Amino acid sequence: MPVHTAQKWIYAKPFVNEPSLENFQLVEEPVPQLQDGEFMIRAMYLSVDPYMRIYTLNAPTGSTMIGGQVGEVIESRHANFPVGSYAFAQVGWRTISVCNPDAFETRKPYVLPDFGPLPISLGMGALGTVGNTAYFGFLEICKPQPGETVVVSGAAGAVGSMVGQIGKIKGCRVIGIAGTREKCDWLREIGFDGTINYKEENIGEALKALAPDGVDCYFDNVGGQTSSAVKGQMKPFGRISVCGTISMYNDRPVQVVDPQLDFVWKQLMQEGFSVHRWTDRWFEGIEQNCRWIREGKLKVRETVTEGFQNMPQAFIDMMKAMLWKHIARRCYSSDAALARKWIYAKTFKGEPSHANFRLETEPIPASLRDGEFLAQAEYLSVDPYMRPYMLAYPEGSLMIGGQIARVTRSANDQFPVGASVFGQFGWRTHTVCDPAALEKDKPYVLPDFGPLPRSLGLGVLGMPGNTAHFGLRELCQPKRGETIVVSGAAGAVGSVVGQIGKQLGCRVIGIAGSDAKCKWLEQDLGFDGTINYKRNNVYAELKTVAPNGVDCYFDNVGGDITETVLKQMNVYGRIAVCGAISNYNSAVGKVTDPQRQFVFKQLRMEGFLVWRWNDRWMEGIEANLQLIREGRLAYQETITEGFDKMPDAFIDMLRGGNTGKAVVKI
């Protein structure tokens with residue numbers, strides 16, 4: 001017969017917005033007798049955490065409220081859990097529980113290590129899941145370096161306060177975002193260098209004042225407009241660790257400014273996580289945090305509510321304290337007498353037109369200095385990135401871009417007459433270049449393409465091909481049998497990404513803008529499935545062509561398509577952010593904040609510019625060249641004839657008129 005009776009709180013009514021006492025019901029139940037391999041634990045401290053609000057939505061009403069607790073083992077038939085020991089277990093809101101550790105696939109119960117004079121309640125906080133969330137989530141994902149600037153949202157919470165202090169231990173400058181003056185005062189007491197009260201201050205303006213040089217690492221507990229404001233001030237190669245999504249726990253996901261452009265141009269990395277991925281190192285985190293507390297380097301604070309009957313009120317009070325109600329603002333020559341060049345005549349607003357360009361001429365020098373060479377353009381590139389990049393240039397600047405050119409005169413042995421070179425020479429017919437005077441974007445002589453056209457040096461055997469090669473392999477790291485989705489799949493980059501994915505043994509789905517492009521992707525390039533986003537419902541179609549979800553997403557577009565794909569990513573999915581075509585010709589749109597997907601699916605997203613692999617440039621070209629020669633990599637070019645047609649080719653490319661690489665032949 002049962003000896004004990006347990007009380008437990010059940011999920012009585014589905015949450016709608018803020019939790020209330022009506023959502024909970026206290027019931028009793030008998031505690032079964034122990035079987036071999038089990039132990040019985042009596043709760044001493046129970047945890048209330050923000051994640052419970054969203055996780056419980058997946059549970060049926062009548063379920064025991066989820067959560068962890070620290071308790072005393074009062075009976076045991078398990079040698080590792082002796083009577084009298086203190087254990088942590090994920091057994092929910094209940095006073096007495098029977099546990100069989102073998103029945104837990106993850107989050108297995110464990111006996112607390114010796115905390116010495118420290119309270120055992122820390123086993124749920126600084127010396128348990130909370131502390132390890134801060135320790136691993138911050139150090140393993142953000143990888144902070146001394147001198148860097150770290151921003152923490154939800155900074156006065158159990159996790160955020162520890163993240164900030166660990167940042168200080170690692171020699172960083174730390175800024176915390178919290179919701180009251182008292183919390184901000186406390187954060188400064190424990191060593192934060194600066195604080196922002198989001199209820200009284202504009203986050204964007206306050207952050208500019210506190211971090212004028214930008215943010216290196218962002219530990220994100222909240223999502224929403226707060227995160228949008230912080231991401232807008234990240235430095236190049238900034239790292240974002242997505243721990244929680246508090247701003248959406250009591251409400252629906254919010255609309256935020258699409259961060260796609262920031263991820264591409266700044267090459268940001270964002271990764272969501274669940275701390276239980278580090279279960280095999282669990283006690284490493286606990287022991288290190290315990291040492292820091294004993295050394296006085298880490299200060300902890302607990303808000304303790306007395307009485308099991310007050311569990312719902314403690315949960316409600318905690319959630320109210322976490323609400324984030326605010327708005328943040330984004331806040332002269334023997335080859336030709338004259339060279340011709342296209343000028344950026346008028347700032348782009350919306351879709352480019354002929355009014356944005358002006359054709360000019362200039363004399364070509366009659367002689368060269370030592371180290372210089374004269375190159376005559378043969379093929380010029382038009383690419384999506386030119387549209388946003390030119391916004392940083394004043395009117396009257398030369399239009400930027402790469403070209404394949406032939407060396408016609410030379411005073412540089414490395415660039416002999418007759419050589420075919422790639423150079424970032426812009427939209428011009430003739431260029432005098434001194435490679436030694438360039439800090440970056442140095443020209444290079446094309447390797448031997450054999451019978452292949454030299455124009456491929458602008459596409460599959462140049463920047464787009466290397467973008468596909470390195471961006472997919474290095475960031476997505478696809479594994480055989482996984483599913484890859486490519487947006488902008490019929491473009492110069494996307495079409496190569498998909499084929500490389502097939503070479504790696506993956507299932508590849510392409511998203512493009514016409515039936516003809518989709519047909520080309522499937523019939524000629526071997527894609528396993530395609531979606532015409534202009535004609536079909538992307539969400540429904542993706543469910544059909546990728547019924548097991550998406551493992552890797554190579555993102556060229558951003559916007560609604562990306563929002564849709566992220567909803568169908570698998571756990572530990574990887575996203576390489578290459579472009580943001582959806583935002584190039586129009587104001588940056590808004591998308592539903594994907595914070596939940598990043599946390600619960602532990603997604604990793606990283607924006608990139610291909611130039612980060614400059615030191616391996618020829619490696620990518622040679623790899624793609626070998627695939628072409630073996631018949632395993634197909635390509636297509638959309639060629640426009642005539643230098644006079646540069647603006648037409650550019651405008652048509654941004655409208656999606658090209659298949660494969662868009663090139664202008666001189």
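# Salt bridges, a sheet and a helix

Visitor: Buried or exposed: which word applies to E29 and R94?
Guide: The model is a predicted one: local features need pLDDT of at least 70, side-chain atom pairs count only at pLDDT 80 or more, and totals for chains, interfaces and linings use all residues. Residues are numbered from 1 along each chain as its sequence is written, and side-chain values use heavy atoms, with hydrogens and water left out. A residue is buried under 20% relative accessible area, exposed over 50%, and partly exposed in between (1.4 Å probe, protein chains only). By that scale E29 and R94 are both buried.

Visitor: How many residues apart are E29 and R94?
Guide: E29 forms a salt bridge with R94 (a side-chain nitrogen of Lys or Arg within 4 Å of a carboxyl oxygen of Asp or Glu), and their closest N and O atoms are 2.1 Å apart. Helices (H or I, at least four residues) and strands (E, at least two) are DSSP runs, numbered from the N terminus. E29 is in strand β2 and R94 in the loop between β5 and β6, which puts the pair apart by 65 residues.

Visitor: What is the order of the strands in the open sheet?
Guide: Two strands pair if DSSP finds at least two bridges between them. The pairing in this sheet of 12 strands is mixed, and the order is β10-β9-β8-β11-β12-β14-β29-β27-β26-β23-β24-β25.

Visitor: Which are the edge strands of this sheet?
Guide: An edge strand here pairs on one side only. The two strands that do so are β10 (194–197) and β25 (529–532).

Visitor: What angle does the direction of helix α12 make with that of β23?
Guide: Strand β23 runs parallel to β26, and three bridges join them. Helix α12 (residues 494–503) packs on the sheet and touches β23, β24 and β26, where touching means heavy atoms within 4.5 Å. Axes are lines fitted to C-alpha atoms, for helices over the stretch in contact, and angles run from 0 to 180 degrees between N-to-C directions. Between α12 and β23 the angle is about 170°.

Visitor: Which residue's backbone nitrogen does the side chain of Q90 reach?
Guide: Q90 is in the loop between β5 and β6 and counts as buried at 19% relative accessibility. Leaving aside neighbours within four places in sequence, Q90 is in contact with residues including Y51, F104 and R107. At 3.3 Å, the side chain of Q90 reaches the backbone nitrogen of G68.

Terms used
Polar contact = N/O pair within 3.5 Å; in protein donor to acceptor, adjacent residues only side chain to side chain.
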